[in-house]
Amino acid sequence: MGQIPTGSDGNGRTDGGTNPRSGRRETEEERADRQWGELLQELRVAQTGVQILFGFLLAVVFQPRFADLSTTDRNIYVVTVMFGSATAAALIGPVSYHRLLTGRRMKPQTVTWASRLTKLGLGLLFCTMCSTLLLILRVALHNTAALWLVGAMALWFLVCWFVFPLWAMARGGDGATGDEDEARHTEDRGRRP
């Protein structure tokens, strides 16, 4: 990692123009453009869900029944709104990051940091979803079944969002994708004098 393979053109591509790490014929800039496009598609899906959920959370406090909530339920609500805010910030952050760095020839670094923010946002979204479910089910059920249901859904979220992808990575070999190898390669090259 961090070294350009022998027989390459200095950009990590072999003499035939194919990048040995990703198997694609693309320059570093082309790869960053492709990765940015893919990341934007992922963010569109996540941002829509977060915006709907966050809008719902903001409206709850103005409902007449909100005054009837117990102190515990109000505390859960406050934590949920804070998680929702943090999630929105993390998932909208890549757009701001990209906009502020556009034209500075930092696309590969932008993609790396935007990807990290997106992963953080997904973790925060997990917390927001679980907290929202806990609040709703406590109000709806008024018993400990709410905790069991939230626990079951949290486990399902973990399986769908993290376990399946990690399992696929483990079955795929060394666990690192060509894109991740390239991102590390780019970072390593950026640190050299």
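Is Thr128 buried or exposed? Thr128 is buried, with a relative accessible area of 2%, because buried means under 20% relative accessible area. The model is predicted.

**Helix 2 and helix 3**
- Helix 2 covers residues 71–101 and helix 3 covers residues 107–141.
- Their axes come within 8 Å and cross at roughly 160 degrees.
- Angles over 145 degrees count as roughly antiparallel, so helix 2 and helix 3 are roughly antiparallel to each other.
- Helix 2 passes helix 3 in a left-handed crossing.

**Helix 1 and helix 3**
- The axes of helix 1 (residues 28–60) and helix 3 come within 10 Å, crossing at roughly 20 degrees.
- Because angles under 35 degrees count as roughly parallel, helix 1 is roughly parallel to helix 3.
- The crossing of helix 1 and helix 3 is left-handed.

**Thr128**
- Thr128 lies in helix 3.
- Between Thr128 and Leu53 there are 8.9 Å in space, C-alpha to C-alpha, while in sequence they are 75 residues apart.

- The relative accessible area of Phe164 is 43%, so Phe164 is partly exposed, a term used for values between the 20% and 50% cut-offs.

How values were computed. Residues are numbered from 1 along each chain as its sequence is written. This is a predicted model: local features need pLDDT of at least 70, side-chain atom pairs count only at pLDDT 80 or more; totals for chains, interfaces and linings use all residues. Side-chain values use heavy atoms; hydrogens and water are left out. Buried means under 20% relative accessible area, exposed over 50%, partly exposed in between (1.4 Å probe, protein chains only). Axes are lines fitted to C-alpha atoms, for helices over the stretch in contact, and angles run from 0 to 180 degrees between N-to-C directions. Helices (H or I, at least four residues) and strands (E, at least two) are DSSP runs, numbered from the N terminus. Angles under 35 degrees count as roughly parallel, over 145 as roughly antiparallel, 65 to 115 as roughly perpendicular and the rest as oblique. A crossing is left-handed if the near helix is turned anticlockwise from the far one by less than a right angle, and right-handed if clockwise.
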